[in-house]
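Visitor: Could you walk me through this fold, piece by piece?

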Amino acid sequence: MRIVIAGGHGQIALRLERLLAARGDEVAGLIRNSGQEADLRDAGAEPVLCDLESASVDEVAGHLRGADAAVFAAGAGPGSGVDRKGTVDRGAAVLFADAAERAGVRRHIVVSSMGADPGHQGDEIFDAYLRAKGEADAYVRSRDTLDWTILRPGMLTDDAGTGLVRLEASTGRGPIPRDDVAAALAELVETPATAGLTLELVSGSVPVSVAVKSVAGN
């Protein structure tokens, strides 16, 4: 498969790129900073310079054309303000979905957040983040030309992955190592039967591949 990842230098994206490259997939990661190119190459991915805050739909579609799947793993990140929650966590996600649609790439995975909700109340930056992610998720879910799956991890940690998770429509809150999020994404990319599902992910007792097969109905 050829898989294009938005936010290719993110902590989850780099882990995902290593997993996909190791199993023989062709991976490209969209990045905004040329200084990140070596890290992507080390992970086995092709770096593609593309700033999702300023790129056009046609430009992003050009990078997606010919891909088998698209993964949105970009985020404004810690330290960013309300404005960038809007331009990245919502705006870039919408742009990426539009570009995938234009490029004819149906399989579409979104890394969202537990608690994402367009109607979330509150005035703090994290409240704005949850609203932005919720609005982006709602937009993606409205696109019937995309075979989308939305993954909402719990509290992200840098602990070593265990490969054991709980993956359901609603799991309740809990931590999840970024290693295990990446492993779940790698399984979801090649499990199109999970299209149309919004899933929460926390640490649990079920092997990742079994958990994905279970929600896919296999």
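What follows is a short chat about a sheet, some helices and a few residues.

Guide: Before we start, this is a predicted model, where local features need pLDDT of at least 70, side-chain atom pairs count only at pLDDT 80 or more, and totals for chains, interfaces and linings use all residues. Residues are numbered from 1 along each chain as its sequence is written, and side-chain values use heavy atoms, with hydrogens and water left out.

Visitor: In what order do the nine strands of the open sheet come, and which are the edge strands?

Guide: Strands here are DSSP runs of E with at least two residues, helices are runs of H or I with at least four, and both are numbered from the N terminus. Two strands pair if DSSP finds at least two bridges between them. On that basis the sheet is mixed and reads β3-β2-β1-β4-β5-β6-β10-β8-β11. Pairing on one side only marks the edge strands, β3 (46–49) and β11 (206–207).

Visitor: Which residue in β4 stands opposite Ala6?

Guide: Strand β1 (residues 2–6) runs parallel to β4 (residues 69–72), with four bridges between them. β1 also runs parallel to β2, joined by five bridges, and there Val4 has Ala28 as its bridge partner. Over in β4, the residue opposite Ala6 is Phe72.

Visitor: How many of the residues of β1 are buried?

Guide: In a regular strand the side chains alternate between the two faces of the sheet. In β1, Arg2, Val4 and Ala6 point one way, while Ile3 and Ile5 point the other way. Taking buried as under 20% relative accessible area (exposed is over 50%, partly exposed in between, with a 1.4 Å probe and protein chains only), the count for β1 is five of five.

Visitor: At what angle does helix α4 run to β4?

Guide: Axes are lines fitted to C-alpha atoms, for helices over the stretch in contact, and angles run from 0 to 180 degrees between N-to-C directions. Helix α3 (residues 57–64) lies across β1, β2, β3 and β4, at about 145° to β1. Helix α4 (residues 82–103) lies across β1, β2, β4 and β5, and its angle to β4 is about 175°.

Visitor: Which residues does Gly7 contact beyond its neighbours within four places in sequence?

Guide: Gly7 sits in the loop between β1 and α1 (11–22). Contact means heavy atoms within 4.5 Å. With those neighbours left aside, the contacts of Gly7 are Ala13, Leu30, Ala73 and Ala74.

Visitor: Is His108 buried or exposed?

Guide: His108 belongs to strand β5. Beyond four places in sequence, its contacts include Ala70, Phe96, Val140 and Trp148. Its relative accessibility is 0%, so His108 counts as buried.

Visitor: Where do the buried residues of α7 lie around its axis?

Guide: The buried residues of α7 (residues 208–215) are Val208, Ala211 and Val212. They cover an arc of only 95°, based on directions from the helix axis to the C-beta atoms, so they lie on the same side of α7.

Visitor: What is the relation of α6 to α7, given their angle?

Guide: The axes of α6 and α7 are 9 Å apart, at an angle of about 45°. Under 35 degrees is roughly parallel, over 145 roughly antiparallel, 65 to 115 roughly perpendicular and the rest oblique. Therefore α6 is, relative to α7, oblique.
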